Amino acid sequence: MLRLLPIALLLLLGCQSETEPDEATTTFDRATLLRHWADDLIVPAFEDFSAAAAAQSAAATDYATEPTEASLGRLQEQFEEAYLAWQRVSPYMTGPGESVRLREQVNTYPTDTQRLTARQEIVYELPANTDVQGMPALDFLLFGVEDPALHRARIAEIAGRISTLSGQALSGWQDGYRDDYVASAGSSATASVDRTVNDFLYWYERNLRAGKVGIPAGVFSSEPRPELAEAIYHGALSKRLFLEALAAGRAFYRSEPGLADYLDALRVERDGQLLSERIDAGFVSADAIATDLNADFATQVRLVNTPMLRLYDALQANVILLKVDLLQALSINVDYVDADGD
Amino acid sequence: MTRLLPLFALCVLFFTACEEDEPITAYNVPETYTFSRNGASTVSFPGQTERILMSEELVGAFLDPQNSEAQLDDMFRNEGPNGEDVSPYADPALNASTKSVRGKVAASRDYFFADATTSAAVRADFDGWIEAQVNEVFPRWEALAAAGVPGQVADGSRARYVNAQGLEYNQAFAKSLIGGLMLDQTLNNYLSPAVLDEADNRQTNDAGTPADGAVYTTMEHKWDEAYGYVFGAAADPADPLATLGDDDSFLNEYLDRVNDDPDYAGIAAEVYEAFRTGRAAIVAGDYATRDAQADRIKERLSRVPAVRAIFYLMRGADAIETGSSPTAAFHALSEAYGFVYALQFTHDPATGAPYLDREEALQIQARLLGDGAHGLWDLTPATIRAQAATIADSFTLTLAQAAE
């Protein structure tokens, strides 16, 4: 990648990183970058998730037809596979993922279990019913109830919807959006690089850092809230989900051409070290801390919360490097703000 | 004190040039909002705290479709249609109260004493939002909204409830109330010289004569009532900045939001300091300082709805451009719509009038709904940004600073 950018480098050698970023970033071959992201990362992630969701839906239909220990076991396995595949696609909600409201409908937790089980009929399209569907609802119905067989029709319904939605998002990419995405190679706020990076950071900050770690660890409340962790009913999955998500984030960041070598091309340093290496080290240290935690984050919070807070701090250190330093180097503005509480 | 008066006059004349300086006072301004006479606290504003709490319950009740229009009206008025006593609140203390939210909407001395017509029009606006929520939105509570059809829209992982134009009446009502109740009562009533100096208030205050059955003088109490609309729901009202923003969903919360914008950092501390200084000035009988501090508060608090209106408008414009559906902008635009309404209750101390009057505010609101047949569904970023620029000009704010 470095060889592609002699002009950009010359421009940057004699100045502060803030002074000429526009020249540098427009010199970067954004079309190549976008093609790589779309064809090698994003579309394959949607294909994987769509396939896993279809397999989960098929297993749920089997279970609904013939509820046995064996068919339940197969469904629970497919659930784990689909949930892991979800983590790998969740950073990529730019475009079809957003229009389908895929993340909201696939992974909003905690589930309102009372409403989920009390309602005869659920209109899944209604925004107010976002919290009675998706993988968290399946987590409850498969692992949190006395007899999942009593809920097998609803399980099949929800698994079917996840499969439908993932299929819609995938075909959105395949039927036109991929080309629009690659063609929108400018540097405006609505062009693909800006939007992809913003959506990635939003995911990192809200879903990875806050949703999986900070919120259950009580960073945003007066007390720890273990009941707000991911996959609480399964009881041994949330660490794997987190690690899968973190690895997906790191893979996107390091993939070439990608953000890390983009930074290297610009020779961005912080405190005498390449910024790209500092950010990568942040991913590695978060992974190391998380690896030592309980398989179930809710259990970890209940037993000893301090390591969860350390994990949060490690993730937070990278928020600053990504959201301030990286965005500044790439001349990208943050397009989201803290959500209102009201 | 007399030797200082010319200095004071100078300071008032060149107020903008002096405002960074410590206030010139020959008396102590306490660190917290704590004032006493003969060992007993003279600070009192229970009526303001009650109205804030009633407003909280009322705004919350907009989101329960089981409520009838009559129930919401009871909460707004704290009386029945024939003036009978009602108990519409969850909090028994509020049911026991005789205060009313509606009775103090558009009820200030400066703006509405001789304008019952406009006062009635404002109250009719609020009544209308209640009526419309119940009759338009509640019946469509479990249905998706579309252009021209009320119902739910998605805002992230949650639902918002909008009318046929995409507007959330609960947001319109709540943010308008920040203007129609909190700002109007604070800026245009209790901080008004016409109220502070009414009847023999100066003589009784100079003599330290308490109001009937109270520890405070009438003038002290009027000032405290202004304070109560801003800080009356604070966990510790004497030291409100510690919990600013967490204490209510109205002026307190949005003063905090504006204060969080680095371009306006310190505005909350300035307002708090001006309240303490003005109150100390009343105790000392220094009415020039009192009025100078009142003007400071009027100017600062007037910025709150203006900055928030611009902020939400610009955010709405961005959301239309980057979102996959116009509905992504509806929540921000609904907040903006309410804050725009609130602008008619602001108070420019230089003119004694709002920075942007009722007619202009209603015109901006009409433009926000006027790009097509379906209001916010058809609204363009260009129209939104033009309205934000109009507000910024009226308040001499910088668009970019307010938008952050």
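This is a short tour of a two-chain model, with stops in chain B and then chain A.

The model is predicted: local features need pLDDT of at least 70, side-chain atom pairs count only at pLDDT 80 or more, and totals for chains, interfaces and linings use all residues. Residues are numbered from 1 along each chain as its sequence is written, with chains lettered from A in the order in which they are written.

**Stop 1: a helix pair in chain B.** Select helix 11 (residues 218-231) and helix 12 (residues 251-260) of chain B. Helices here are DSSP runs of H or I, at least four residues, and strands are runs of E, at least two, numbered from the N terminus. The two pack at an angle of about 70 degrees, with axes 7 Å apart. That makes helix 11 of chain B roughly perpendicular (65 to 115 degrees) to helix 12 of chain B. Axes are lines fitted to C-alpha atoms over the stretch in contact, and angles run from 0 to 180 degrees between N-to-C directions. Now show Tyr229(B), Val230(B) and Phe231(B); they meet Leu251(B), Asn252(B) and Leu255(B).

**Stop 2: where the chains touch.** Here 15 residues of chain B are in contact (C-beta atoms, placed from the backbone, within 7 Å) with 17 residues of chain A. On the chain B side, helix 14 gives the most, with 4 residues.

**Stop 3: cis bonds in chain A.** Go to Tyr109(A) and Pro110(A): their peptide bond is cis, with omega near 5 degrees. Pro110(A) lies in the loop between helix 6 (102-106) and helix 7 (113-118) of chain A. Next, select Glu256(A) and Pro257(A), also joined by a cis peptide bond, with omega about -5 degrees.

Notes:
Angles under 35 degrees count as roughly parallel, over 145 as roughly antiparallel, 65 to 115 as roughly perpendicular and the rest as oblique.
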